[in-house]
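Okay, hi everyone, thanks for making time. I'd like to walk you through one structure today, so let me put it up on the screen.

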Amino acid sequence: MTETTTGGTSRAPEFRLASEVIATLRRDLVTDAFAYRPLPLAETSGRFVRRLPGVLRRYAPWRRYAAVGMLSFLVGLTALNTQSAAWGDLGPIAMAMLSAAPVLMTLVRPVGAWWAAIAMTVVTAGIGGGHNWPWTESSFFAYIVVMFLVTLRTGPRVAAWMWTLTLVLGSAISILFNGHWGSNLPEMAVTSAFALVIAGSIRIRRDARAEVSAQQEVTAVERDKRTLLEERTTIARELHDVVAHHMSVVAIQAEAAPYRVKNPPPELEAAFVTIRENAVAALTELRRVLGVVRSADYEAPDAPQPTLASLEGLLANVRDAGLSVQKTITGSVREMPQGVELSAYRIIQEALSNTLRHAPGASAEVEVSYVLGGLGIRVVNDRATGDARPSPGAGHGITGMRERVAMLEGEMTAGRTAAGGYEVAVFIPVPHRAEPAPEPREGTV
């Protein structure tokens with residue numbers, strides 16, 4: 001039964017399969033066979049590279065080129081023992097260069113290097129003589145090395161094509177010359193099969209490792225994005241109570257304001273009614289927003305959101321958990337906006353939690369500075385002591401702190417100290433609120 005193509009001609013499945021095989025062969029070994037494809041430089045992030053001295057580490061990315069050059073040198077040494085009467089005294093040198101050239105060629109044109117190895121095989125078979133044929137001692141070794149390196153560069157499918165065409169080439173030469181010199185094709189078939197299986201396994205393992213590494217990078221990026229969204233959602237939930245409190249105050253004061261003025265004009269009453277209606281509408285929208293960012297297991301807190309006035313209770317809790325912590329307050333203590341105080345409290349809380357998790361046995365110091373331009377926070381701990389091992393955390397602490405600081409347009413630094421501890425320093429700008437001017441007394445101008 002035949003298959004009809006769109007052009008109206010009938011093609012047997014076997015013919016179509018053969019066409020696909022030939023097309024694959026042409027794509028792998030013929031099309032752009034001599035295209036320039038330089039060998040990529042090696043990575044410098046491995047443990048072996050990190051242990052090298054500074055001078056050698058500088059040239060570590062070129063180690064693949066050095067390895068191929070060494071293999072080429074060994075192939076040339078093998079070929080120097082070959083005697084070629086056709087080229088006289090220069091025969092060994094010419095044979096060495098002819099055998100080593102395809103090996104070096106794998107650095108820039110891998111598929112073309114295999115075709116060069118085929119040509120080298122034919123030339124050395126014609127002038128080499130000896131008992132080994134069609135591959136001489138030198139060309140045998142060089143051909144195996146070339147196939148191994150090309151497989152590392154291209155993959156198992158190209159290796160299968162090279163092995164198949166090698167058998168075809170060896171059989172054709174043996175039949176053409178009627179086996180006059182004998183043939184080492186069986187030795188080449190077995191040896192090259194082992195070499196190509198090893199090279200293909202290395203290539204597959206390398207590709208799998210690269211794919212896993214790429215997937216890990218994508219996963220890390222997605223995890224960072226998810227962490228960022230979770231922290232922003234947490235901040236939005238907490239600030240909901242703060243904003244809702246202020247809007248409630250606005251609504252209550254707008255409703256009570258007309259009763260505090262004797263005989264208010266109708267325009268003033270209408271203005272306060274509008275203010276109250278807008279405040280109530282804003283509260284309704286806030287509840288809808290909270291419903292969007294609230295997770296299924298979220299429970300609204302019963303107590304109001306904490307402020308810096310609750311800091312002593314937080315320090316008492318971490319002391320009960322085993323952390324020795326000291327508090328220092330500098331500057332003139334004053335009331336900050338509720339959002340600033342909530343963020344400052346959460347930053348100190350997270351920094352102390354990180355100390356408990358990652359530096360067991362260490363002591364910490366919390367410093368809160370009230371300055372003219374805003375609020376400064378510094379939490380520093382010394383090196384971990386004792387036999388307790390650090391506990392792995394979720395890795396969201398620093399991200400959450402940075403999000404809070406960025407929301408308030410502040411600045412934050414976090415990192416290791418010279419003594420081996422850890423320090424978190426934050427500055428949150430707070431605009432200075434001018435005091436209301438005193439009302440003029442009667443009789444003054």
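Predicted model: local features only at pLDDT ≥ 70, side-chain atom pairs only at ≥ 80, totals over all residues.

What order do the strands come in? Going across, you read β3-β4-β5-β7-β6, so 5 strands in an open sheet, and the pairing is mixed. β3 (324-331) and β6 (411-416) are the edge strands, and each has a single partner, so one side of each has no neighbour in the sheet. If you ignore direction, neighbouring strands are turned by 10 degrees against each other on average.

Some helices lie across that sheet. Helix α11, residues 311-320, lies across β3 and β4 and runs at about 160 degrees to β3. Then there's helix α12, residues 338-358, lying across β3, β4, β5 (374-381) and β7 (422-429), at about 5 degrees to β5.

Between β3 and α12 there's a loop, and that's where you find Val333. Is Val333 buried or exposed? It's exposed, because its relative accessible area is 56%, and the cut-off for exposed is over 50%. Val333 is also 42 residues from Leu375 in sequence, while their C-alpha atoms are 10.0 Å apart in space.

In soluble globular proteins, nonpolar side chains tend to be buried together. Here, the largest nonpolar core has 33 residues, and the ones touching the most other members are Leu29, Val103, Trp114, Tyr143 and Met162. Which elements give two or more residues to this core? They are α4 (63-80), α6 (110-128), α7 (137-154), α8 (156-176) and α9 (185-256). Of these, α7 gives the most, with 10 residues.

Let's pick out Trp114. Leaving aside residues up to four places away in sequence, Trp114 touches Leu29, Tyr143, Val146, Met147, Val150, Met162, Leu165 and Thr166. There's also a second, separate core of 30 residues, and its members include Val318, Val366, Val368 and Met412.

Next, a helix pair. The axes of α1 (residues 13-30) and α8 come within 10 Å and cross at roughly 105 degrees. That makes α1 roughly perpendicular to α8, because 65 to 115 degrees is the range for that label. Who meets whom? On the α1 side we have Val21, Thr24, Leu25, Arg27, Asp28 and Leu29, and on the α8 side Arg157, Val158, Trp161, Met162 and Leu165. Sorted by class, this contact has 7 nonpolar, 1 polar and 3 charged residues.

Last thing, some backbone angles. Most residues other than glycine have a negative phi. Asp32, in the loop between α1 and α2 (47-50), has a positive phi of about 55 degrees although it isn't a glycine. Glu409 has a positive phi too, near 60 degrees, and Glu409 is in the loop between α13 (397-407) and β6. Glu409 is exposed as well, with a relative accessible area of 67%.

Conventions: Residues numbered from 1 in each chain as written. Heavy atoms only, no water. Core = buried A, V, L, I, M, F, W, Y, C linked by side-chain atoms within 4.5 Å. Buried < 20%, exposed > 50% of the residue type's maximum accessible area, 1.4 Å probe, protein only. Helix = DSSP H or I, 4+ residues; strand = E, 2+ residues; numbered from the N terminus. Contact = heavy atoms within 4.5 Å. Axes fitted to C-alpha atoms, helices over the stretch in contact; angles between N-to-C directions. Parallel < 35°, antiparallel > 145°, perpendicular 65-115°, else oblique. Nonpolar A, V, L, I, M, F, W, Y, C, P; charged D, E, K, R; others polar. Pairing = 2+ DSSP bridges.
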